Amino acid sequence: MNQSPVETALSRAMIRWSLTKSTPVAETATSWIFRVEQNGRNFAALKILKQLAVEEKRRGSALLNWYGGEGAATVFDMHGDTIFLEWLDGGTLGQPVRAGKDDEGTIAIATVVASLHRPRPDAPENLQPLRTRFQTLFDTDVRVWPHTARDLYARASGIAFKMFDRPSAQIPLHGDLHHDNILSSDRGWLAIDPKGLIGDPAYELANVFINPVDALHIAADPRRIAARVDILAQRLGYSRKRILGWAAAHAALSACWTLADGKAITAQLACLPHLLSAYDQA
């Protein structure tokens with residue numbers, strides 16, 4: 001019987017890394033994920049990339065490998081479109097935040113970012129420039145936005161242009177850092193699933209301000225926005241203005257992606273006015 005591409009990749013990985021058992025865990029839009037065992041003792045994860053998003057996932061996997069386990073899951077090895085990495089079975093940071101521990105969650109995010117942004121030699125090549133990532137925002141026709149929200153799009157786009165026009169450090173970025181991409185482990189909170197970008201360090205925090213999922217009452221609360229930016233700026237030394245500018249710009253970018261998928265942008269519109277107001281006051 002002919003094997004499917006994923007079955008073939010899994011079989012080869014089991015042999016290559018001397019694995020003894022595999023258990024399917026999840027299939028996402030971009031990959032198949034398996035929990036694997038080595039002689040019934042050690043657990044690890046296998047991620048087999050789908051061709052649909054293989055370029056982006058390769059960038060992210062190379063960046064994850066470059067982190068060397070500091071603030072992120074450890075990559076043991078990579079071969080082709082298969083990544084062999086640390087198994088993390090703890091909950092996500094979104095869980096305590098949804099339970100009301102937002103300050104603690106924000107402190108944890110600052111700690112993770114400090115580890116990810118630690119200077120390291122030999123950064124991966126071919127990381128996606130942040131400006132390229134934002135092209136969807138600049139290309140979107142404002143008329144696809146709800147009529148009452150088009151001024152928000154215009155203001156956020158203007159801020160994004162301003163951010164790119166002002167020079168900043170350019171460092172490797174996770175690019176999709178939010179509460180549910182940070183998992184608990186015996187080594188502390190660790191990031192997973194980076195996008196593999198390069199750009200302004202302050203952008204790394206942008207996704208925090210429209211997350212976690214199912215906690216809009218937190219993300220859209222002006223008091224929580226102020227508390228989050230205060231913690232992040234103080235602990236990381238990044239400009240409050242740039243943190244909030246990127247947060248507003250990213251909320252609009254996220255809305256453009258969501259609109260392109262034919263979905264409602266309720267969550268982004270709940271947060272964006274408050275992010276813009278906070279940016280104006282910073």
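**Note on the predicted model**

1. The loop joining β5 (82-86) to α3 (94-98) contains T92. This placement, like every other feature discussed here, is read from a predicted model. T92 is buried, its relative accessible area being 15%, which falls under the 20% cut-off for that class.

2. Which residues does T92 touch, leaving aside those up to four places away in sequence? The contacts are R98, H179, D180, I182, L183 and W189.

3. The chain as a whole has eleven helices and ten strands. Its radius of gyration is 19 Å, close to the 19 Å that the globule rule gives for 282 residues, so the chain is as compact as a globular protein of that length. The C-alpha trace spans about 60 × 35 × 35 Å along its principal axes.

4. Of the 282 residues in the chain, 52% are buried. Among contacts with a separation of 6 or more, 67% are between residues 24 or more positions apart.

5. Three strands form an open sheet in the order β6-β10-β7, and the pairing is mixed. β6 (128-129) and β7 (171-173) are the edge strands; each has a single partner strand, so one side of each is left without a neighbour in the sheet. Strands of a sheet pair through backbone hydrogen bonds, in either a parallel or an antiparallel sense.

6. In what sense do β6 and β10 pair, and over how many bridges? The pairing of β6 with β10 (residues 197-199) is parallel and runs over two bridges. Within this sheet, Q128 stands opposite L197 of β10.

7. The structure holds zero disulfides. A disulfide is a covalent bond between the sulfur atoms of two cysteines. For C256, the closest cysteine sulfur is that of C271, and the two sulfurs are 15 Å apart, too far for a bond; the cut-off applied to a disulfide is 2.5 Å. C271 likewise takes part in no disulfide, the sulfur of C256 being its nearest at 15 Å.

8. Are C256 and C271 buried or exposed? C256 counts as buried, because its relative accessibility is 3%. C271 also counts as buried, because its relative accessibility is 0%. These two cysteines are therefore buried and, with their sulfurs 15 Å apart, too far from each other for a bond.

Notes: Residues numbered from 1 in each chain as written. Predicted model: local features only at pLDDT ≥ 70, side-chain atom pairs only at ≥ 80, totals over all residues. Heavy atoms only, no water. Pairing = 2+ DSSP bridges. Helix = DSSP H or I, 4+ residues; strand = E, 2+ residues; numbered from the N terminus. Buried < 20%, exposed > 50% of the residue type's maximum accessible area, 1.4 Å probe, protein only. Contact = heavy atoms within 4.5 Å. Rg over C-alpha atoms; globule rule 2.2 N^0.38 Å.
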